[in-house]
Amino acid sequence: MQIHPLIETSAALVEFVDLIKTSDFVAVDTEFMRENTFWPELCLIQVADSDHAAAIDPMAPGMDLKPLLDLLVDNEDVLKVFHAGGQDVEIIFNLTGKTPHPIFDTQIGQMALGQAEQVGYSNLVEAWIGLQLDKGARFTDWSRRPLDKRQIDYAIGDVTHLAKIFPMMLKKLVKTGRGHWLDEEMEKLADPSNYNLDPDKAWQRIKAPSRKPDVLGRLKALAAWREREARNKNLPRGRIVKDETLADLAAHPPKQQEGLGGVRGLSATWKSNDIGGRLMDALANAQPLAKDDMPDRAPRGPGLGKEGTLVADLLKLLLKIRARELNVAARLIARSDDLEALAAGGRNDDIPMMRGWRYDVFGHAALDLVEGRMGFAVKNGKLVMSEIDAAAASEV
């Protein structure tokens, strides 16, 4: 594989993209900083196919990333390969309003091959090519210039290793017949709605202080206000107001701005400054949350009931057994919410595990357990699933 020098000009980027734009796939990674900003600050992009690899400096004066971004979001003939690529995809979406497509994430691919659900990149590399990575540059300040050779070598390694691993992983997935299992997961990763965050939905990420429509309405207004403030100032949300402070304000709103000076989590200056005034305006304009927008109650606990909770626990045990038999990460098959929904209400085709391959490998067995056609048995010291004779079950 040819490792190209750090690309710092638009002309060099055009030449590099011309080399890789007809490849079957490209491995992609980014280095960024976001500790002190709302928007992640893109500091480096690394790209590789089977023959070429390079790091691109988006901070270089006059750098035009359009040729590379067009390849990532508009070229449907080239598969884009990431590892744990959610934040990388978010950055590309912020730059283009689109997501890379088609897409493959090797962390998700590992789930179909029996690896841990959140396998890290260094573990992936060691498992597939037996290489232990030097993590010394992992927490470097990627925004500082000039970048030294160690930083660049570390960054390029992320995609050169990925470009070697992906074909091996793909071959194994094809051999096991599990490649199509991942289609739905990859489409979720590429769904633009995951990255187009609506300020009016920001409240849904905050632990609600109550289920009262007026309190939730104030929380919605405050969260939307904070989202816009953070974006406009390019500051982390927590630097504006922390979640717990928003929740407290929604539950116990001050009548006048002067009252903000006594709110825990706000400085005394909020009682008279402009940002405090904008917060009070948000509160004044808040409307009770509409009935259709009220969050669903969690299915666990009293909503599920004692017996339902026990059934959910049995389903989780069944999932562990089936995942072990298939040598696949359990989370790829079903999530706890899915199991609790089945325990609470029986068959529901809206539950992902009741459709497609998930139904074939697990959903039908889960339904059999809920409806009394499946039980557990110990064979040769191992817990296994066991069909229950319908006639015998009816006599119990």
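Predicted model: local features only at pLDDT ≥ 70, side-chain atom pairs only at ≥ 80, totals over all residues.
**Overall build and the enclosed cavity**

Buried residues account for 46% of the 396 residues in the protein chain. Laid out along its principal axes, the C-alpha trace stretches over about 80 × 65 × 35 Å. As for who touches whom, take the contacts in the protein chain with a separation of 6 or more: 62% of them come from residues 24 or more positions apart.

Charges come next. The count is 51 positive and 59 negative side chains, with 6 Å between the centres of the two sets.

Now for the inside. Rolling a probe the size of a water molecule over the atoms shows where empty space is left. For this chain, the search turns up 1 cavity of 30 Å³ or more, and the largest cavity holds about 30 Å³ of space. Its lining is made up of Thr30, Leu42, Ile45, Leu69, Leu72, Ile91, Ile92 and Leu95. Strand E3 (41-48), helix H2 (66-74) and helix H3 (86-96) are the elements that each supply two or more residues to that lining. Which element gives the most to the lining of the largest cavity? That turns out to be H3, with 3 residues.

Definitions and conventions: Residues numbered from 1 in each chain as written. Heavy atoms only, no water. Buried < 20%, exposed > 50% of the residue type's maximum accessible area, 1.4 Å probe, protein only. Contact = heavy atoms within 4.5 Å. Lys, Arg positive; Asp, Glu negative; His and termini not counted. Charge placed at Lys NZ, Arg CZ, Asp CG, Glu CD. 1 Å grid on protein atoms, 1.4 Å probe; cavity = no way out; pocket = protein on both sides within 12 Å on 5 of 7 lines; lining within 4 Å. Points joined across faces, edges and corners; volume = space filled by probe spheres on them. Helix = DSSP H or I, 4+ residues; strand = E, 2+ residues; numbered from the N terminus.
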